[in-house]
Amino acid sequence: MVYAGAMSGSGNLMDFLDEPFPDVGTYEDFHTIDWLREKSRDTDRHRKITSKSKESIWEFIKSLLDAWSGWVVMLLIGLLAGTLAGVIDLAVDWMTDLKEGVCLSAFWYSHEQCCWTSNETTFEDRDKCPLWQKWSELLVNQSEGASAYILNYLMYILWALLFAFLAVSLVRVFAPYACGSGIPEIKTILSGFIIRGYLGKWTLLIKTVTLVLVVSSGLSLGKEGPLVHVACCCGNFFSSLFSKYSKNEGKRREVLSAAAAAGVSVAFGAPIGGVLFSLEEVSYYFPLKTLWRSFFAALVAAFTLRSINPFGNSRLVLFYVEYHTPWYMAELFPFILLGVFGGLWGTLFIRCNIAWCRRRKTTRLGKYPVLEVIVVTAITAIIAYPNPYTRQSTSELISELFNDCGALESSQLCDYINDPNMTRPVDDIPDRPAGVGVYTAMWQLALALIFKIVVTIFTFGMKIPSGLFIPSMAVGAMAGRMVGIGVEQLAYHHHDWIIFRNWCRPGADCVTPGLYAMVGAAACLGGVTRMTVSLVVIMFELTGGLEYIVPLMAAAVTSKWVADAFGKEGIYEAHIHLNGYPFLDVKDEFTHRTLATDVMRPRRGEPPLSVLTQDSMTVEDVETLIKETDYNGFPVVVSRDSERLIGFAQRRELILAIKNARQRQEGIVSNSIMYFTEEPPELPANSPHPLKLRRILNLSPFTVTDHTPMETVVDIFRKLGLRQCLVTRSGRLLGIITKKDVLRHMAQMANQDPESIMFN
């Protein structure tokens with residue numbers, strides 16, 4: 001008499017997995033999700049909801065709520081991301097001014113807000129008002145002279161050090177993941193990697209607070225990249241409130257893609273640019289449905305920020321410009337030169353920054369993050385204060401460089417020699433010879449440019465939130481403004497030259513230096529990040545300069561070509577490789593002629609593949625195998641002799657299944673037989689209860705033959721987001737290829753260290 005017959009009579013042998021148990025289908029930290037399984041689970045869930053919706057009104061309402069939950073999540077992300085961005089902008093504005101002085105009527109007012117409320121402010125001296133006092137006026141009652149300058153200098157350095165120290169301490173103690181830009185990690189997470197806590201509530205809180213502190217400290221960094229991380233934290237928080245997203249890692253990543261779009265939308269006031277940025281730069285899987293939802297999230301976020309109106313100009317951004325002169329074909333040459341400069345700067349920055357970050361990782365320097373931040377902040381503050389272009393916040397600097405010189409501008413960059421007989425409308429001032437102020441500004445900008453180039457290399461990558469968009473734009477804007485002034489003066493003094501004769505007559509407003517600053521900013525940002533389409537859209541949304549799309553496109557494409565000539569990686573991809581994240585970049589090409597058999601494990605001389613048999617292993621055998629290996633899963637075969645493939649079982653689910661079976665199913669002991677078939681195996685009558693685990697078995701694991709070209713295998717891993725792929729010949733299992741094996745092989749083929757892929 002066999003056990004199977006007796007049990008079928010009693011009817012109490014069950015597949016205890018008919019009811020889901022906690023944690024099944026979840027993943028461990030630093031592991032990759034199975035996109036195909038997540039997609040399949042979501043399809044099953046949707047099918048179940050659709051069939052149930054026909055049963056009753058209540059089930060129909062539940063199905064409608066499920067369908068609308070995606071839009072509700074987008075609405076919540078947009079509202080929170082927009083609110084946080086507005087609060088950050090207002091706080092940065094106040095704390096940046098706090099380094100120079102304080103408002104007597106209300107200390108929480110920034111310089112500009114303080115002087116708005118004053119009745120004693122004149123237009124000529126609009127930056128000076130009795131209610132706003134510099135530290136020297138407040139402490140020693142002196143506004144001029146050496147002692148006042150030194151005191152203001154010291155207060156500037158002390159405030160900068162205090163802000164930076166608070167930021168790095170908060171990051172170290174409460175949320176280590178709040179440091180850096182966050183975009184390399186978000187790209188990796190969106191590709192299917194799990195980094196627990198990276199998008200958690202503590203990270204959101206600490207990143208928001210420390211972002212205000214580091215930007216206010218005057219360090220050469222921006223808030224735009226970290227705002228994408230902040231928005232993704234919002235997305236992660238709200239998706240955890242809905243089981244549709246919290247229980248499916250694939251669906252959660254659709255929400256995070258849309259959240260990234262909302263982040264860029266509020267960072268630059270560019271909703272369409274945000275959607276394109278998410279599509280071009282950060283997202284791995286971007287279905288059409290996600291495009292619409294990203295658009296909605298970006299719209300809500302931009303609307304929320306506009307309601308807060310942090311800049312007080314009814315605009316979403318600080319850099320809004322209005323130029324009154326069209327550009328001319330002859331100007332394409334300097335625009336392309338700025339593109340070349342952007343590409344060269346991008347290459348230089350990436351190489352130097354990665355070399356410095358690698359040094360930080362491999363030497364004792366990395367053990368003292370607080371000291372490093374303090375030293376860099378001190379050097380930055382000491383060098384920045386004497387130069388007005390490095391003392392002011394980088395956003396204000398870019399705004400000043402983008403500005404066209406109107407009749408009411410008081411900037412040094414607009415100190416031209418005016419013709420006393422000029423009787424033209426205010427917005428159409430002709431080209432004029434440069435005055436003393438312009439030449440002084442040129443020298444100061446040249447020094448500021450060198451300073452920014454050097455200091456940004458050492459700042460990006462420290463253990464504080466640090467964005468790269470604004471410093472890159474500042475470098476390009478300074479170079480562009482200087483080129484623009486050069487071209488303007490050349491056109492003024494040599495208007496009879498053949499290149500100027502057709503379009504630049506004496507007394508005409510021919511060249512707009514601010515436009516050159518805008519083109520230079522786009523070129524440098526493109527050189528560092530290798531963005532093209534989204535960059536141009538962000539730039540024209542950012543500035544409102546719609547008719548200048550062609551110069552922006554020319555500069556962006558040129559900078560990408562030049563930078564790509566020295567290396568295909570942008571700064572984010574370079575940091576992904578530096579950190580060893582398992583990221584298969586869609587842009588990388590694999591052209592080597594290797595086969596699956598060259599990459600699969602086990603190799604020749606290695607122990608055979610660890611497998612499970614369908615109905616002959618005991619619970620103890622499986623537990624021993626799990627204990628002795630660290631593999632993420634095991635192929636299931638008919639028997640060790642035939643090696644015919646049945647399916648694939650995940651390690652985590654095996655552990656959970658055995659643990660739950662011991663708790664919930666009577667008679668499960670160490671020598672119980674585990675089986676993955678529909679019917680239990682024939683066993684002696686006195687055998688303990690067998691354990692049926694068919695429900696956790698993936699019956700359709702992805703397989704390739706041993707002669708499949710690796711080019712195809714890499715493409716499959718990229719496009720289907722696989723964790724592993726089994727290698728067979730005529731249905732017989734030969735080996736396994738994991739994502740890590742693919743990345744190691746690609747590194748080896750590119751003459752890089754294959755062990756640089758650190759994570760599972």
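Does Ser136 count as buried or exposed? Ser136 counts as buried, because its relative accessibility is 0%. Buried means under 20% relative accessible area, exposed means over 50%, and partly exposed is in between (1.4 Å probe, protein chains only).

**Basis of the values**

This is a predicted model, in which local features need pLDDT of at least 70, side-chain atom pairs count only at pLDDT 80 or more, and totals for chains, interfaces and linings use all residues. Residues are numbered from 1 along each chain as its sequence is written, and side-chain values use heavy atoms, with hydrogens and water left out.

**The chain as a whole**

The chain has 29 helices and twelve strands. Helices (H or I, at least four residues) and strands (E, at least two) are DSSP runs, numbered from the N terminus. Along the principal axes, the C-alpha atoms fill a box of roughly 115 × 60 × 55 Å. The chain holds 760 residues, and 55% of them count as buried.

Contact means heavy atoms within 4.5 Å. Take the contacts between residues at least 6 apart in sequence: 73% of them join residues at least 24 apart. The accessible surface comes to about 34,000 Å². Carbon and sulfur atoms account for 60% of that surface. Areas come from the Shrake-Rupley method with a 1.4 Å probe; for residues, only the protein chains shown count as cover.

The chain carries 70 positive and 74 negative charges, and their mean positions are 6 Å apart. Lys and Arg count as positive, Asp and Glu as negative; His and the chain ends are not counted. Each charge is placed at NZ of Lys, CZ of Arg, CG of Asp or CD of Glu.

**Domains and annotation**

Three domains are assigned: domain 1 (102–144), domain 2 (332–417 + 424–579) and domain 3 (596–756). These bounds come from an automatic or database domain assignment. The centres of domain 1 and domain 3, taken over C-alpha atoms, are 71 Å apart.

An unreviewed UniProt entry carries the annotation "domain: CBS" for residues 600–666 and 697–755. UniProt positions are given in the numbering used here, feature names are shortened, and annotations may be inferred rather than shown by experiment. Residues 600–666 are 36% helix and 22% strand, with end C-alpha atoms 41 Å apart. Residues 697–755 are 37% helix and 31% strand, with end C-alpha atoms 31 Å apart.

**Buried positions in helices**

Ser136 sits in helix H5 (residues 135–140). Beyond residues up to four places away in sequence, Ser136 touches Asn141, Gln142, Ser143, Ala148, Leu151 and Asn152.

Helix H7 (residues 183–190) is largely enclosed by the rest of the structure, because eight of its eight residues are buried. Among them are Glu185 and Lys187. What do the buried residues of H7 pack against? Their partners are helix H2 (35–52), helix H9 (224–239), helix H11 (249–268), helix H12 (271–282), helix H19 (469–493) and helix H24 (571–579). Just after H7, Gly192 takes a positive phi of about 115°.

Helix H24 also holds Ala574. Ala574 counts as buried, at 6% relative accessibility. Leaving out residues up to four places away in sequence, Ala574 touches Ile350, Ile354 and Glu569. Ala574 and Arg351 are 223 residues apart along the chain, yet their C-alpha atoms are separated by 9.0 Å.

Ile206 lies in helix H8 (residues 201–216). Ile206 is buried, at 6% relative accessibility. Apart from neighbours within four places in sequence, Ile206 contacts Leu170, Val171, Phe174, Ala175 and Ala178.

Where is the cis peptide bond between Arg601 and Pro602? Pro602 lies in the loop between helix H25 (596–599) and strand E3 (612–613). Omega of this cis bond is about 0°.
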